[in-house]
Amino acid sequence: MKKDITRYRNIGIFAHVDAGKTTTTERILKLTGKIHKIGEVHDGAATTDFMEQEQERGITIQSAATSCFWKDHQLNIIDTPGHVDFTIEVYRSLKVLDGGVGVFCGSGGVEPQSETNWRYANDSKVARIIYINKLDRTGADFFRVVKQIDQILAAKPLVMVLPIGVEEEFRGVVDLLTRKAWIWDDSGDPMNYKIEDVPADMVDDVETYREQLIELAVEQDDELMEKYLEGEELTIDEIKRCIHKGTCQLAFFPTYCGSSFKNKGVQLVLDAVVDYLPNPIEVAPQPEMDLEGNPTGGLAYVDADKPLRALAFKIMDDRFGSLTFTRIYSGTLSKGDTVLNTATGKTERVSRLVEMHANDREEVDSAQAGDIVAIVGMKNVQTGHTICDPKFPATLEPMVFPEPVISIAVAPKKKGTDEKMGAALSKMVQEDPSFHVETDKESGETILKGMGELHLDIKVDILKRTHGVEVEVGKPQVAYRESITKRLEDSYTHKKQSGGSGQYGKIDYVIEPGEPGSGFQFESKVTGGNVPREYWPAVQKGFEASIVKGPLAGYPCVDLKVTLTDGGYHPVDSSAIAFEVAARAAYRQSLPKAGPQLLEPIMKVDVFTPDDYVGDVIGDLNRRRGMIKSQDAAATGARIKADVPLSEMFGYIGDLRTMTSGRGQFSMEFSHYAPCPANVAEAVIKEAKERQAAA
């Protein structure tokens with residue numbers, strides 16, 4: 001049976017920490033009849049927060065995918081985390097969504113992390129509606145937040161409702177299109193509301209805002225604009241059509257308000273999801289790539305009759321086994337199908353398909369274009385892999401994940417649990433592509449690498465609780481890099497004569513600094529066959545194998561270019577191995593002479609602080625060697641943006657809370673690598689040498 005895809009809405013709910021995302025999702029599930037008792041985040045009983053860590057910390061760490069129905073439409077909701085260290089979760093959820101609901105706090109307004117998430121959603125071209133929550137809070141101000149959205153996010157909010165009363169007086173909202181007031185009682189039951197006429201003291205405001213709404217909306221349709229300018233009254237359906245079009249094209253964002261906790265205002269948000277957010281067919285189709293990652297010009301149209309194209313966007317382990325959350329772009333996927341994973345080139349059989357409702361599941365026989373389902377028990381699929389029809393292979397644009405910038409060493413507390421820890425870590429790496437695990441060759445330590453302190457904290461916590469492995473944790477280490485500052489011409493000859501044929505390879509080369517971010521580049525300018533062409537790759541391989549350890553402290557060497565200019569070979573004694581050995585020795589010989597320097601990761605830090613503490617916060621960032629980039633007045637304080645070395649940011653959250661009486665917040669993401677000051681470099685190099693000596 002073919003389903004009507006136009007009645008699907010794949011949406012994500014995203015926002016800053018504590019704006020009430022998960023509570024809003026809970027209310028939506030309650031209203032759509034999916035759950036009967038409402039769980040509260042602060043009681044640790046929310047449906048979509050089913051990991052112990054989520055219930056305890058009151059934050060959402062993993063996105064949970066949930067399906068529900070509203071007005072004959074199927075909503076697939078993906079609840080995403082708001083904390084910056086889990087931005088990767090937001091990013092990969094956005095990849096597979098068609099629309100979103102951006103939740104903002106009525107008193108906190110636009111906070112640092114909402115900006116990052118908003119930027120990601122802009123990059124992914126996801127249509128959104130805005131929901132300003134917590135209007136029952138002290139200090140809540142709908143119009144102030146609307147203004148912030150316009151100024152800070154440079155987004156055009158299209159005000160669809162006006163609040164009736166504010167703070168503890170908040171009773172309901174006026175729907176501007178229908179000119180009707182929705183008023184809830186205080187029973188806390190979202191179904192206990194009355195629809196009345198607009199309160200007398202709001203009539204003028206309602207007319208003013210309604211006019212603004214229509215003027216913005218009709219810009220989407222020339223015919224209706226003409227009709228409106230000629231003074232004709234437009235029907236509600238005509239206006240809705242314009243709003244739908246403008247929302248899908250990101251021309252503006254329909255803006256609603258309410259209090260999820262008090263169950264006021266959520267119905268109108270659900271109506272807006274159905275009325276204004278795009279269905280899967282209205283979203284630009286995903287470009288297809290060939291197996292090498294080059295665009296083929298083909299597009300994965302949302303059509304159940306086309307070949308299968310699906311993207312695995314999340315892997316989760318639960319008590320029933322491994323779940324691969326998959327968004328199907330085209331074709332159908334049925335139980336028992338054999339599918340091709342283009343990343344590994346291997347085929348796998350789909351044994352079971354389930355539709356997820358947070359922590360419950362419903363087995364289904366098949367799913368089709370537009371659906372989001374979980375496949376049970378896939379072996380080799382990782383986040384970002386494309387699953388397709390083996391007869392018609394193609395890859396969807398793969399996801400790009402940032403490199404980790406912070407690492408810690410861990411060791412199991414109990415002897416003999418190494419294997420258990422290894423198995424748990426390999427599961428965790430599959431679930432989260434921004435989390436890496438390595439074994440230090442010299443010391444044999446297990447190193448965890450992640451996006452920030454909280455990210456690694458949570459990983460250690462998951463190890464302990466979910467997998468029952470207690471670990472000792474070393475102090476956080478920064479991922480330094482090394483590079484060079486001088487151009488150097490040099491030569492190296494590798495000669496070895498032992499019984500039988502010897503080894504011979506001579507290379508003349510130039511080593512020079514590359515552009516920042518260029519990595520390692522190799523070029524050969526040898527003419528006349530002094531180094532035969534077949535040996536060039538061996539020279540490149542020798543240098544490439546060497547750059548993993550820099551000359552100063554053994555950190556990887558980046559942004560360096562090697563040009564092979566000349567050399568010499570022996571018809572009998574030369575071989576690829578001889579030239580590779582020559583290149584490795586040349587690296588060791590030349591790099592210390594090329595002005596090596598240590599580079600440290602610099603983080604983009606965005607701090608929000610109440611006005612009284614601005615001086616302290618800036619002074620503290622300066623002490624941490626921060627470069628203040630900008631300072632802007634926000635509604636309830638100031639936003640300070642700075643570039644600060646990661647090594648100076650350990651434990652910052654505690655210091656910031658102490659400094660600002662618990663009211664400061666910050667977000668941080670990797671920006672770039674920059675040279676270390678001499679005194680810092682000396683200390684880092686000394687510590688690295690001591691570590692190596694101890695190992």
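**Entry 1: a mixed sheet**

I began with Leu488, whose bridge partner in strand 32 is Ile511. The model I am reading is a predicted one. I then looked up how the two strands concerned are joined: strand 31 and strand 32 run antiparallel and are linked by 9 bridges. I noted as background that the strands of a sheet pair through backbone hydrogen bonds, in either a parallel or an antiparallel sense.

Next I followed strand 32 to its other pairing. Strand 32 pairs with strand 34 in the antiparallel sense, over 8 bridges. As an example I recorded Tyr509, which has Leu564 in strand 34 as its bridge partner.

I then turned to strand 33. Which way do strand 33 and strand 34 run, parallel or antiparallel? They run parallel, and 5 bridges join strand 33 to strand 34, the latter covering residues 560–568. Here I noted Glu523, whose bridge partner in strand 34 is Thr563.

With these pairings in hand, I wrote down the whole arrangement. The 4 strands make an open sheet in the order 31-32-34-33, and its pairing is mixed. Strand 31 (488–496) and strand 33 (520–524) each have a single partner strand and stand at the edges, so one side of each has no neighbour in the sheet. From one strand to the next, the twist averages 25°.

**Entry 2: helices on the mixed sheet**

I looked for helices that touch this sheet. Helix 12, residues 536–546, packs on the sheet and touches strand 32 (503–513), strand 33 and strand 34. The direction of helix 12 makes about 155° with that of strand 33. I also found helix 13, residues 576–590, lying across strand 31, strand 32 and strand 34. Helix 13 runs at about 40° to strand 32.

I moved to an earlier part of the chain. Another open sheet has 4 strands in the order 7-8-9-10, with antiparallel pairing. Its edge strands are strand 7 (161–164) and strand 10 (193–197), each of which pairs on one side only. The twist of this sheet averages 25° from one strand to the next.

Strand 8 (residues 172–175) pairs with strand 9 (residues 180–184) over 4 bridges, in the antiparallel sense. Asp175 has Lys180 in strand 9 as its bridge partner. Helix 9 packs on this sheet and touches strand 7, strand 8, strand 9 and strand 10, its direction making about 130° with that of strand 9.

Asp271 is placed in helix 9, which covers residues 266–276. Is Asp271 buried or exposed? Its relative accessibility is 15%, and Asp271 therefore counts as buried, the cut-off for buried being under 20%. Apart from neighbours within four places in sequence, Asp271 is in contact with Trp70 and Lys71.

**Entry 3: helix 14 against helix 15**

I next considered two packed helices. Such a pair is described by the angle between the two axes and the distance between them. The axes of helix 14 (residues 614–623) and helix 15 (residues 652–659) come within 10 Å, and they cross at roughly 150°. Helix 14 is therefore roughly antiparallel to helix 15, since angles over 145 degrees are given that description. I recorded the crossing of helix 14 and helix 15 as right-handed.

Which residues meet in this contact? From helix 14 they are Asp616, Val617, Asp620 and Leu621, and from helix 15 they are Tyr652, Leu656 and Met659. I sorted the residues of this contact as 5 nonpolar, no polar and 2 charged.

**Entry 4: Arg624**

I followed the chain onward from helix 14. Arg624 lies in the loop between helix 14 and strand 36 (627–634). I looked up its accessibility and found Arg624 buried, with a relative accessible area of 8%. Leaving out residues up to four places away in sequence, Arg624 touches Val644, Pro645, Glu648, Met649, Phe650, Tyr652 and Asp655. The C-alpha atoms of Arg624 and Val644 are separated by 6.9 Å, the two residues being 20 residues apart along the chain.

**Entry 5: the protein as a whole**

The protein has 16 helices and 38 strands. Of its 695 residues, 55% are buried. Among contacts in the protein with a separation of 6 or more, 71% are between residues 24 or more positions apart.

Technical notes:
Residues are numbered from 1 along each chain as its sequence is written. This is a predicted model: local features need pLDDT of at least 70, side-chain atom pairs count only at pLDDT 80 or more; totals for chains, interfaces and linings use all residues. Side-chain values use heavy atoms; hydrogens and water are left out. Two strands pair if DSSP finds at least two bridges between them. Axes are lines fitted to C-alpha atoms, for helices over the stretch in contact, and angles run from 0 to 180 degrees between N-to-C directions. Contact means heavy atoms within 4.5 Å. Angles under 35 degrees count as roughly parallel, over 145 as roughly antiparallel, 65 to 115 as roughly perpendicular and the rest as oblique. A crossing is left-handed if the near helix is turned anticlockwise from the far one by less than a right angle, and right-handed if clockwise. Ala, Val, Leu, Ile, Met, Phe, Trp, Tyr, Cys and Pro count as nonpolar, Asp, Glu, Lys and Arg as charged, and the others, Gly among them, as polar. Buried means under 20% relative accessible area, exposed over 50%, partly exposed in between (1.4 Å probe, protein chains only).
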